[in-house]
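Subject: Structure handover

Hello,

Here is the structure that you asked to look at. Please open it first, then read the notes below beside it.

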Amino acid sequence: MKKTKKYYIGIDLGGTNVVAVIVDKNGKIYGKRQFPTFGEKGPEFVIKNIVNNVKEIISEGRIFIEEIKNIGIGSPGPLDSKKGIIMGAVNLPGWRYVKLKKEIEKYLKVKTGVENDANCAVYGEKWIGAGKNVNNVVGFTLGTGVGGGIIIDGKLIRGANYNAAEIGHTSLNPDGRLCKCGAHGCLEQYASASAIANTAKEKIRNGSKSIITEIVKGDINKITSKVVYEALISGDKLAKDVWDEFIKYLGAGVANIIQTLNPEMIIIAGGVINAGKYLFEPLKKAIKKQTFPQTYEIVKIVPAKLGELAGAIGAAGIVINEPDYYGL
Ligand SMILES: [Zn+2]
């Protein structure tokens, strides 16, 4: 009997871990798995490891490969999403001009689309998460860097050669901190989770006193954004200064996007959203100061809902909803 192709696989290829999900066309989840990327072993190993894990979760879910219509993969870029080729990825050593789409199709015999990972995360939230039924959404993922994704009129904005939405690398200060991309004063140098930790380290090395030093038992390198947050809620002055600086820059970065695109929703993702009101209340105030009343009143600033599954769910969602773009 011929099997109907009713399932899709979404894969989020990260520098440390890979997340894979099996979903149907409505985003209902039939299987999920997280496994190490083993990025240091090179592209061939990583791809075969993904293929093996996909085969396993399919059989665990009592699903046949013939029932899988498409696979979507979210990958770090820069990449050519039209051709499914990874041009290079900072956190994946040896990934230069990797034909990811072709390789996955060769091993699994399922038509595959490849998209930027930050785009996938925002698309997942728009599809079945915090941005469901909202057509103009911009997402900011605060982690080691700041990832961005833009959806206008329900469509992902990819740009002329698929490098749009690099919001983390828009400059807020051309004379500011040097970024790993080579530019100065990029948003992610001030508004990522790493930036929170780095600002605290900088101030403490310059002699500022703080309970942060006690929390990390004198080991400055152990300072993380979470440590700064702990110090903040216990009333530490230095942590408050660091946090205020983070909010000021994030607010300016988000406000620039609001003034440019007039979105209905801004979704903030990453572990930092666990700070709840300590993040969202001052952030909204900072954004309000830097936007027009008309653009501010229409926009909701909300936390992401899908957590670490957002990228994988979005990778499946984008190939389900925009198959023509990927030639599926
Ligand atoms: Zn940069």
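Two strands pair if DSSP finds at least two bridges between them. Helices (H or I, at least four residues) and strands (E, at least two) are DSSP runs, numbered from the N terminus. With those terms in hand, Thr141 stands opposite Ala269 in S11.

This is a predicted model, in which local features need pLDDT of at least 70 and side-chain atom pairs count only at pLDDT 80 or more, while totals for chains, interfaces and linings use all residues. Residues are numbered from 1 along each chain as its sequence is written, and side-chain values use heavy atoms, with hydrogens and water left out.

The sheet

Which strands make up the open sheet, and in what order? Its five strands have the order S10-S9-S8-S11-S12, with mixed pairing. Strand S10 (155-156) and strand S12 (300-303) are at the edges and have a single partner strand each, so one side of each is left without a neighbour in the sheet.

S8 and S11 run parallel and are joined by five bridges. S8 and S9 run antiparallel, with six bridges, and a hairpin of three residues connects them. In this pair, Phe140 stands opposite Gly148 in S9. S9 also pairs with S10 in the antiparallel sense, over two bridges, and there Ile151 stands opposite Leu156 in S10.

The hairpin of S9 and S10 has two residues between the strands. Asp153, in the loop between S9 and S10, has a positive phi of about 50 degrees although it is not a glycine. Asp153 is exposed, with a relative accessible area of 61%; exposed means over 50% relative accessible area, buried under 20%, and partly exposed in between (1.4 Å probe, protein chains only). S9 itself is mostly covered, as five of its seven residues are buried.

The cores

In soluble globular proteins, nonpolar side chains tend to be buried together. A nonpolar core is a set of buried Ala, Val, Leu, Ile, Met, Phe, Trp, Tyr and Cys residues joined through side-chain atoms within 4.5 Å. The largest one here has 46 residues, and those with the most contacts inside it are Phe140, Ile212, Trp243, Phe246, Ile268 and Leu279. At least two residues each are supplied by S8, S9, H5, H7, H8, S11 and H9. H8 gives the largest share, ten residues.

Contact means heavy atoms within 4.5 Å. Leaving aside neighbours within four places in sequence, the contacts of Ile268 include Phe140, Leu142, Leu279 and Pro303. Apart from this core lies another, of 30 residues, among them Ile22, Val46, Val51 and Val110.

The buried residues of H5 include Ile196, Thr199, Lys201 and Ile204. Among what covers them are strand S8 (137-142), helix H7 (225-233) and helix H8 (237-261). Just after H5, Gly207 takes a positive phi of about 100 degrees.

Is helix H11 enclosed or left open? Eleven of its twelve residues are buried, so H11 is largely enclosed by the rest of the structure. Its buried residues include Ala310, Ile313, Ile318 and Val319.

The zinc site

What holds the zinc ion? The ion is coordinated by His169 (ND1), Cys179 (SG), Cys181 (SG) and Cys186 (SG), at 2.0 to 2.4 Å. Donors are N, O and S atoms within 2.8 Å of the metal (3.2 Å for Na, K and Ca); water is not among the atoms, so sites may look incomplete. The spacing of the donor residues in sequence is H-x9-C-x1-C-x4-C. The site is tetrahedral, with angles of 106 to 120 degrees among its four donor atoms; four donors count as tetrahedral if all angles lie between 85 and 135 degrees. Cys179 counts as buried at 4% relative accessibility, and Cys186 counts as buried at 0%.

Loops

The peptide bond from Gly77 to Pro78 is cis, with omega near 5 degrees. Pro78 is in the loop between strand S4 (68-75) and strand S5 (79-80). Asn133, in the loop between helix H3 (117-128) and S8, has a positive phi near 65 degrees.

Regards

Terms used
Four donors count as tetrahedral if all angles lie between 85 and 135 degrees; four count as square planar and six as octahedral if opposite donors are over 155 degrees apart and all others between 65 and 115; anything else is irregular.
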